[in-house]
Protein chains: 2
Amino acid sequence: MTYCVGLWLEKGLVMLADTRTNAGVDNISTFSKMYTATVPGERMLCLLSAGNLAITQGVWNRLGEGLALEGEKLTLLTAPSMFRAAQLVGAAVRAVYEADGPTLRAQGVGFDVSIMLGGQIAGGPMRLYMIYAAGNFIEATPDTPFLQIGEHKYGKPILDRTLRYDSSLEDGVKLTLVSMDSTLRSNLTVGLPLDLLVYEAGSHRIGLQQRITEEDDYFRRLREAWSVALRDAYRSMPAPDWLSSRS
Amino acid sequence: MTYCVGLWLEKGLVMLADTRTNAGVDNISTFSKMYTATVPGERMLCLLSAGNLAITQGVWNRLGEGLALEGEKLTLLTAPSMFRAAQLVGAAVRAVYEADGPTLRAQGVGFDVSIMLGGQIAGGPMRLYMIYAAGNFIEATPDTPFLQIGEHKYGKPILDRTLRYDSSLEDGVKLTLVSMDSTLRSNLTVGLPLDLLVYEAGSHRIGLQQRITEEDDYFRRLREAWSVALRDAYRSMPAPDWLSSRS
């Protein structure tokens with residue numbers, strides 16, 4: 001399993017992925033699920049992946065080689081817009097599906113892959129896409145300024161309740177880490193270390209790329225502080241009137 | 001879908017269920033998923049169910065009629081212990097499986113049911129069980145003082161982080177309602193009104209049984225207060241040092 005989350009905020013992008021891959025709970029490994037393609041000052045693209053590792057690695061390889069889109073061979077470094085880049089990722093997914101889909105199906109293995117693509121190319125707006133296994137995609141909007149792939153349920157309530165399009169990048173980092181922590185606690189197949197990327201809108205370069213390990217002091221303090229804050233929060237809330245009036 | 005949660009605390013039980021049933025998202029209904037069997041002062045048993053409604057109603061009917069357990073016909077009102085009562089619920093599940101399982105299987109419908117049973121019978125300890133579709137069961141312990149059935153993921157992080165065996169019943173009520181609210185926000189097939197039951201250990205009677213509707217003033221205030229408390233909580237947490245040292 002995997003958990004990846006991407007925030008599309010007024011001030012920029014926050015993208016976070018775990019690194020655990022597994023074939024059964026007795027066979028786990030660490031693989032980065034974050035890929036970047038940048039021309040500093042001109043473009044910054046960040047991809048996060050979930051699903052079958054052979055499929056996602058097949059997608060990265062095809063993206064590296066380049067694919068023909070409407071007759072023109074493009075890579076993530078030459079795509080003229082974020083929309084074209086999302087189409088390119090979709091084309092790479094479809095290319096893997098054509099190559100491996102029939103055999104996977106014959107062996108009863110699902111074609112399981114989803115990819116998040118966030119970034120900005122000079123001259124165009126910053127965008128965040130989620131590309132499905134069919135190669136089609138959706139995009140984040142101010143109404144729902146975050147997207148998730150993989151094991152999304154445990155980490156969703158905190159984002160639903162607190163995240164807004166005008167949240168700061170700093171708050172975005174805290175909230176994605178809390179969201180990830182909720183998932184790490186409940187699903188063994190999501191694991192440390194984490195890959196975090198922060199992008200400031202209009203900068204066309206990576207603002208921060210950070211690997212967060214078990215030993216990261218801030219992440220440890222955040223986990224502890226969050227549990228304490230939640231305890232304080234529910235203790236400070238009033239008791240139900242129908243509960244106190246019962247005796 | 002369904003979300004039910006039961007807390008097994010030092011001071012008693014808190015049991016909460018939603019009431020939505022659905023056959024597709026365009027066919028939803030309200031059915032109580034909470035059943036109680038009590039002899040005030042002698043026993044208090046509360047059951048919550050998730051899964052196929054025809055199966056759970058079949059279970060309730062068989063429990064009402066009584067089932068033979070090791071040669072003796074028993075109901076929830078005559079079972080001599082909570083362990084026997086859990087076996088009785090398991091026997092009722094197996095009886096429905098024998099009656100309906102082959103036809104369901106032939107039509108490609110899974111035998112989907114799980115039941116929580118909490119309570120106390122005079123002379124024995126208070127217990128909380130989860131009975132599976134196979135009729136076997138597990139029991140809550142001080143290490144993990146809560147059980148969930150149905151759509152459990154959205155509401156689990158808050159319980160993981162805050163609930164302890166020695167939490168008060170009042171805190172238990174607040175936390176189950178927050179846990180339910182997280183689920184209501186994310187899964188349309190979990191819906192209001194809610195059925196809540198509170199039991200004080202050793203009392204052998206229902207302490208509180210409350211239906212919580214959309215109009216319940218306390219639940220409305222709790223939802224709002226919780227969102228505010230979460231916002232205050234993450235705002236009060238320090239920013240990552242590696243984020244501020246970047247510029």
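1. Where in chain A does A:Pro193 lie? This is a predicted model, and in it A:Pro193 sits in the loop between α4 (169–186) and β13 (194–200) of chain A. Worth a look, since most peptide bonds are trans.

2. A couple of backbone angles to check. A:Glu70 isn't a glycine, yet its phi is positive, near 50°. You'll find A:Glu70 in the loop between β7 (67–69) and β8 (72–74) of chain A. Its relative accessible area is 68%, over the 50% cut-off, so A:Glu70 counts as exposed.

3. B:His204 also has a positive phi, about 55°, and belongs to the loop between β13 and β14 (208–212) of chain B. At 11% relative accessible area, B:His204 is buried, because the cut-off is under 20%.

4. On to helix packing: α1 (residues 53–65) and α2 (residues 82–106) of chain A meet at about 130°, axes 9 Å apart. That angle makes α1(A) oblique to α2(A), and the crossing is right-handed. Among the contact residues are A:Ile55 and A:Leu63 from α1(A), with A:Leu88 and A:Val96 from α2(A). By class, the contact has eleven nonpolar, one polar and one charged residues.

5. Finally, the core. The largest nonpolar core has 70 residues, and A:Leu177 and B:Leu177 have the most contacts inside it. Leaving out residues up to four places away in sequence, A:Leu177 touches several residues, including A:Leu16, A:Phe219 and, from chain B, B:Trp242.

Conventions:
Residues numbered from 1 in each chain as written. Chains lettered and ligands numbered in written order. Predicted model: local features only at pLDDT ≥ 70, side-chain atom pairs only at ≥ 80, totals over all residues. Heavy atoms only, no water. Axes fitted to C-alpha atoms, helices over the stretch in contact; angles between N-to-C directions. Helix = DSSP H or I, 4+ residues; strand = E, 2+ residues; numbered from the N terminus. Parallel < 35°, antiparallel > 145°, perpendicular 65-115°, else oblique. Left-handed = near helix turned anticlockwise from the far one by under 90°. Contact = heavy atoms within 4.5 Å. Nonpolar A, V, L, I, M, F, W, Y, C, P; charged D, E, K, R; others polar. Core = buried A, V, L, I, M, F, W, Y, C linked by side-chain atoms within 4.5 Å. Buried < 20%, exposed > 50% of the residue type's maximum accessible area, 1.4 Å probe, protein only.
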